[in-house]
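Good morning, colleagues. Please look at the structure on the screen while I speak about its aromatic rings and the charges over them.

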Amino acid sequence: MDALLPEILGHLIRIGPVVVALVTMAETAVFIGLLIPAEATVLFAAFLAERGTFELSDVLAATVLGAAAGDQIGYWMGRTAGRGAAARRGRIARLWSKHEARAQAMFRRKSLVAVTLARFISFVRTLMPWLAGMSGMSWLRFTIYDLLGVLGWGIASVAAGYIAGRSWEVVAGAFGTLSALAIAALLIGMFVVAWRQQRLGVEASDSGPAGSQRMYRVALTGNIASGKSAVADAWRAAGARIIDADELARRAVEPGTNGLEAVRTRFGDDVIHPDGTLDRAALRRRVFADPAARHDLERILHPEIGHLREHAERELSAAGERIVVHVIPLLFETGLETGFDEVILVDAPPATRLDRLVENRNLDRAEAESMIAAQMPAEAKRAGASLVIENDDTLAALQAKAESAWQGILERAAKCA
């Protein structure tokens, strides 16, 4: 037994760097970082390297290679399994749809923070590669920023363990104290930043120009051919200020925009007219026949539409407008229904909507049926609506209902003033 112990220890010493690589890889590849961050393993291995058990270069190489490999696995799992889960209906899909625009904006415009600096924060880096993949961040961009973070984190962690080994009794205690203080400062800083951003968001939503009161925000929604456009037209004629998501979607893919280039990259030149404009009919046929393609299109358009919507509302607020109406066909599908004072749903019987698509828009009946089937059933939206406008009669009857609903909105907005 005494003879076996040195042999066992010898084997453990030889595979030590391999263990470090596996732990740092598993941290982000299989989420073990949510329970045990990899720093503990790296610090201990670096400490042992200083004591002569391992080669320090082996520990550093294992740390960097393992972390980089784990992040790559997490990224591609996010691109495949993560986006697949988001494309299916359910709690995860609704949660992702609600925060997808923010995630895309973060990874696209603040890559240094979202990827590189996130690599230094335990638990945050565990989910970061998945979120980066789900957001559609390009692989090359992710890899560059991730390697910066991996190298910085790996060197810092190995150096900390090595320094602790150099003067264990003194430095280890100091390092533990400094680590606790740093973590406490980080948590306090994150809390202050989150509180400040929330406060600014509340101020921005609760007030328009200086001295004015917040805008009363109304969402108007309805499935395709339900009549929501006719209601919006009636409200516009009555003086409502309308921000239409369909119009914003057209602006988001105008020639020369990032949105159009992203659509071209995903769907090819087959959906682009010779003059460089988007072939909407060709794109519509593609996405309504393929749920994954439809999700990819929404992933491209929703962040762009969100930015345009926020800009348009800020302009109306600065102009002193008291009420704004957002026409958003996919309001419930994208999880935006909770951000409004009122949600108005326009609904019509499915058979009536089908006839309208075929007769008024000259669509093939099979194509029209697939478009209706692709949307969330109106019955599921009624429970979340403040008011349902039934469009089961003539256009004149719908306009009368729309005018009555608008008067009600004016009265309720006045009470909130």
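I shall call a residue buried if its relative accessible area is under 20%, exposed if over 50%, and partly exposed in between, with a 1.4 Å probe and protein chains only. By that definition, Tyr-75 and Phe-142 are both buried. The model is predicted: local features need pLDDT of at least 70, side-chain atom pairs count only at pLDDT 80 or more, and totals for chains, interfaces and linings use all residues. Residues are numbered from 1 along each chain as its sequence is written, and side-chain values use heavy atoms, without hydrogens and water.

How many aromatic pairs does the structure hold? There are four. Rings of Phe, Tyr and Trp (its six-membered ring) pair if their centres lie within 6.5 Å; planes under 30 degrees apart count as stacked, over 60 as edge-to-face and the rest as tilted.

One of the pairs is Tyr-75 with Phe-142, stacked at 4.7 Å centre to centre with 15° between the planes. Because Tyr-75 belongs to helix H3 (residues 56-87) and Phe-142 to helix H7 (residues 139-166), this pair ties together parts 67 residues apart in sequence. Helices here are DSSP runs of H or I, at least four residues, numbered from the N terminus. Tyr-75, Trp-76 and Phe-142 form one aromatic cluster.

Trp-235 and Trp-406 have ring centres 5.7 Å apart and planes at 35°, so that pair is tilted. Both residues, Trp-235 and Trp-406, are buried.

Finally, the charges. A charge sits over a ring if NZ of Lys or CZ of Arg is within 6 Å of the ring centre and within 35 degrees of the ring normal. Arg-217 lies over the face of Phe-340, 4.5 Å from the ring centre.

Notes:
Helix = DSSP H or I, 4+ residues; strand = E, 2+ residues; numbered from the N terminus.
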